[in-house]
Amino acid sequence: MSDDVVRVSFTVNGAPYDLDVPPRRLLSDALRHDLRLTGTHVGCEHGVCGACTVLVDGAPVRSCLLFAVSLDGAAITTTEGLRSADGGMGPVQQAFHECHALQCGFCTPGFVTTVAAFLQTHPDPTPAEAREAISGNLCRCTGYVNIVAAVGRAAELLAGSPAGDATPTKATQA
Ligand code: FES
Ligand code: FES
């Protein structure tokens, strides 16, 4: 290994990787450019917009603010890792689809990862809790109403409600 790179080992979406990266390689760049996982989007590159959000050991983080070398031993999950077992959309992705919670989609991977982590600890959120959960993610298109509805719908799907049954509940009546 040259002096210009550092070996870092982590898993991404369950797959193990050993990467030799420059010490200042951002996690977002390592994911997108080294691993070709372009589902993670990069907007502001300053920790503001949330588009680059991924999960590290289950917790949402801004991948544009982390050096990849700091993730040695971590379990990273990107939006690609939130697919269903058959390769289709996972519950949170399905909910965004059903609720029309995206337009251009640039912000969506960051919302999906953020919401997936949130629902792990808030399986039946109120609309207020849903709004609070996504308050750190910016969307320039949607106006957020449908995103809040998607949080509630994702909760329903995770609780076992069948896909395509979009009957509103307390969580989806934002
Ligand atoms: S690109 Fe990381 S927070 Fe905006
Ligand atoms: S859907 Fe365009 S920025 Fe959110």
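Which residues does Gln93 touch, not counting residues up to four places away in sequence? In this model Gln93 touches Thr79, Leu82, Arg83, Gly88 and Val112, where a contact means heavy atoms within 4.5 Å. This is a predicted model, in which local features need pLDDT of at least 70 and side-chain atom pairs count only at pLDDT 80 or more, while totals for chains, interfaces and linings use all residues. Residues are numbered from 1 along each chain as its sequence is written, chains are lettered from A and ligands numbered from 1 in the order in which they are written, and side-chain values use heavy atoms, with hydrogens and water left out.

**Confidence**
- The protein chain averages a pLDDT of 93, and 90% of the residues score at least 70; pLDDT is the predictor's confidence in each residue, from 0 to 100.
- Please read residues 164–169 with this in mind: their pLDDT is below 50. In the model, this stretch has 11 contacts beyond near neighbours in sequence.

**Gln93**
- Gln93 sits in helix α2, which covers residues 91–98. Helices (H or I, at least four residues) and strands (E, at least two) are DSSP runs, numbered from the N terminus.
- With 14% relative accessibility, Gln93 counts as buried. Buried means under 20% relative accessible area, exposed over 50%, and partly exposed in between, using a 1.4 Å probe and protein chains only.

**The aromatic pair**
- Searching the whole structure turns up one aromatic pair. The partners are Phe111 and Tyr144, in a tilted arrangement with 6.5 Å centre to centre and 55° between the planes.
- Here is the rule for such pairs: rings of Phe, Tyr and Trp (its six-membered ring) pair if their centres lie within 6.5 Å, and planes under 30 degrees apart count as stacked, over 60 as edge-to-face and the rest as tilted.
- Phe111 belongs to helix α3 (residues 108–121) and Tyr144 to the loop between α4 (127–133) and α5 (145–158), so the pair ties together parts that are 33 residues apart in sequence.
- Phe111 is buried, at a relative accessible area of 0%, whereas Tyr144 is partly exposed at 28%.

**Positive phi values**
- Tyr144 also has a positive phi of about 80° although it is not a glycine.
- Arg36 is not a glycine either, yet has a positive phi of about 60°. You will find Arg36 in the loop between α1 (27–34) and β3 (53–56), where Arg36 is exposed with a relative accessible area of 64%.

**Asn146**
- Asn146 is part of helix α5 and is partly exposed, at 31% relative accessibility.
- Leaving aside residues up to four places away in sequence, Asn146 touches Cys99, His100 and Ala101.
- A polar atom of the Asn146 side chain lies 3.2 Å from the backbone oxygen of Cys99.
- Between Asn146 and Gly50 there are 18 Å in space, C-alpha to C-alpha, and the two are 96 residues apart in sequence.

**Cysteines**
- How many disulfides are there? The count comes to zero, taking a disulfide as a pair of cysteine sulfur atoms within 2.5 Å.
- Cys49 is buried, at 13% relative accessibility, while Cys104 is exposed, with a relative accessible area of 56%.

Notes: A polar contact is a pair of N or O atoms within 3.5 Å; within protein, one must be able to donate a hydrogen and the other to accept it, and residues adjacent in sequence count only if both atoms are side-chain atoms.
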